[in-house]
Amino acid sequence: MHRRARSEEAKLQRAEDLLAAARRLAVELGGVRHVTLAAVTEAAGLHASAVRRYFASREELFLELAERGWEEWRDVLTARLAGARGLPPGELAEALSATIVTLPLFCDLLTHVSLSLEGDVSVERARQYKTRSFKAYDVIVETLVNAGTLTAQQVHDVIAALLGTTSYFWQLSHPTATLAELYRQEPRWSHTALDFEPRLTRLLKATAEGLAER
């Protein structure tokens, strides 16, 4: 029994090592799209064939990080709005924007979750992701409703706008080497790529305030 417990503990630690390596490589290489499973296993100090003991695929590994991203965002946002009441829509929008940008990997993963990650794993793994992410999402909605003057439906709409805008503008603001060189040559095109947080905040405030006026 004791030996089995140690074995399970070691397995969990190796899984955490793989997740940590994936996080680190995503930062170092400029985004999730550049990270291969082989690079993750090498960075974690494991043999390439060993990764299947912990994650069935690259998609499953990054989906785990996306799940944790939802929980991290929930915690950051609820801490920021703790005790707040009656905040106007613009301030709620600022809180959403300011907290999500503190989680760059999560911002990046939002694009990949909808494109491939949750659709390229098993049904049970996709179910786990939906269960955990919606649990965090429900707390985020409740926190915003309690802290501000928006209705629950308005909060749902603001979050939907935030997620869509974030997943698009995050990718624009982190261009590939080819696009970075193009922007250097043609500065007039680069403005769309270089103001991620200010633009996100402006658009989200306009959305929240517009919904409140309807």
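To begin with, the model is a predicted one. The protein has 9 helices and 0 strands. The C-alpha trace spans about 60 × 50 × 30 Å along its principal axes. There are 214 residues in the protein, and 45% of them count as buried. If we take the contacts between residues at least 6 apart in sequence, 71% join residues at least 24 apart.

Next, what the record says. UniProt, in an unreviewed entry, places the feature "domain: HTH tetR-type" at residues 12-73. In the model, that span is 65% helix and 0% strand, and its end C-alpha atoms lie 23 Å apart. The unreviewed entry also carries the annotation "DNA-binding region", which covers residues 36-55. Here the chain is 35% helix and 0% strand. The end C-alpha atoms of residues 36-55 are 13 Å apart. Both features come from the record, and such annotations may be inferred rather than shown by experiment.

Now the core. How many residues are in the largest nonpolar core? The number is 63. Those with the most contacts inside this core are L18, L61, F62, W70, W73, I100 and L144. The elements that give two or more residues to the core are α1, α2, α3, α4, α5, α6, α7 and α9. For orientation, α2 covers 37-43, α3 covers 58-80 and α9 covers 196-213.

Take L18 from that list. Which residues does L18 contact, leaving aside its neighbours within four places in sequence? They are V40, T41, A44, L46, V51, Y54, F55 and L61. One of these, L61, is itself among the residues with the most contacts in the core.

On to the open spaces. The largest pocket has a volume of about 240 Å³. Its lining is made by W70, L110, V113, S114, E118, Y129, K130, S133, F134, Y137, L163 and S167. Three helices each supply at least two residues of the lining of the largest pocket: α5 at 104-117, α6 at 123-147 and α7 at 152-172. Which helix gives the largest share? That is α6, with 5 residues. By class, the lining of the largest pocket divides into 7 nonpolar, 3 polar and 2 charged residues.

The second largest pocket has a volume of about 160 Å³. A26, V27, G30, G31, R33, P104, L105, D108, W170, Q171 and H174 form its lining. In this case α1, at 2-28, joins α5 and α7 as helices that each supply at least two lining residues. The largest share of the lining of the second largest pocket comes from α5, with 3 residues. The classes here are 5 nonpolar, 4 polar and 2 charged.

The structure holds 1 cavity of 30 Å³ or more, and the largest cavity has a volume of about 40 Å³. The residues lining the largest cavity are L92, A93, L96, L144, L150, V155 and V158. Helices α4, at 89-100, and α7 each supply at least two residues of the cavity lining, and the largest share, 3 residues, comes from α4. What classes of residue line the largest cavity? The lining has 7 nonpolar, no polar and no charged residues.

Finally, two single residues. A56 is found in the loop between α2 and α3. Is A56 buried, partly exposed or exposed? A56 has a relative accessible area of 49%, so A56 counts as partly exposed, as exposed means over 50%. The C-alpha atoms of A56 and S122 are separated by 9.2 Å, although these residues are 66 residues apart along the chain.

The other is E213, which is found in helix α9. With a relative accessible area of 71%, E213 is exposed because the cut-off is over 50%. E213 and P89 are 124 residues apart along the chain, and their C-alpha atoms are separated by 9.9 Å.

That is the end of the talk.

Note on methods: Residues numbered from 1 in each chain as written. Predicted model: local features only at pLDDT ≥ 70, side-chain atom pairs only at ≥ 80, totals over all residues. Heavy atoms only, no water. 1 Å grid on protein atoms, 1.4 Å probe; cavity = no way out; pocket = protein on both sides within 12 Å on 5 of 7 lines; lining within 4 Å. Points joined across faces, edges and corners; volume = space filled by probe spheres on them. Helix = DSSP H or I, 4+ residues; strand = E, 2+ residues; numbered from the N terminus. Nonpolar A, V, L, I, M, F, W, Y, C, P; charged D, E, K, R; others polar. Core = buried A, V, L, I, M, F, W, Y, C linked by side-chain atoms within 4.5 Å. Buried < 20%, exposed > 50% of the residue type's maximum accessible area, 1.4 Å probe, protein only. Contact = heavy atoms within 4.5 Å.
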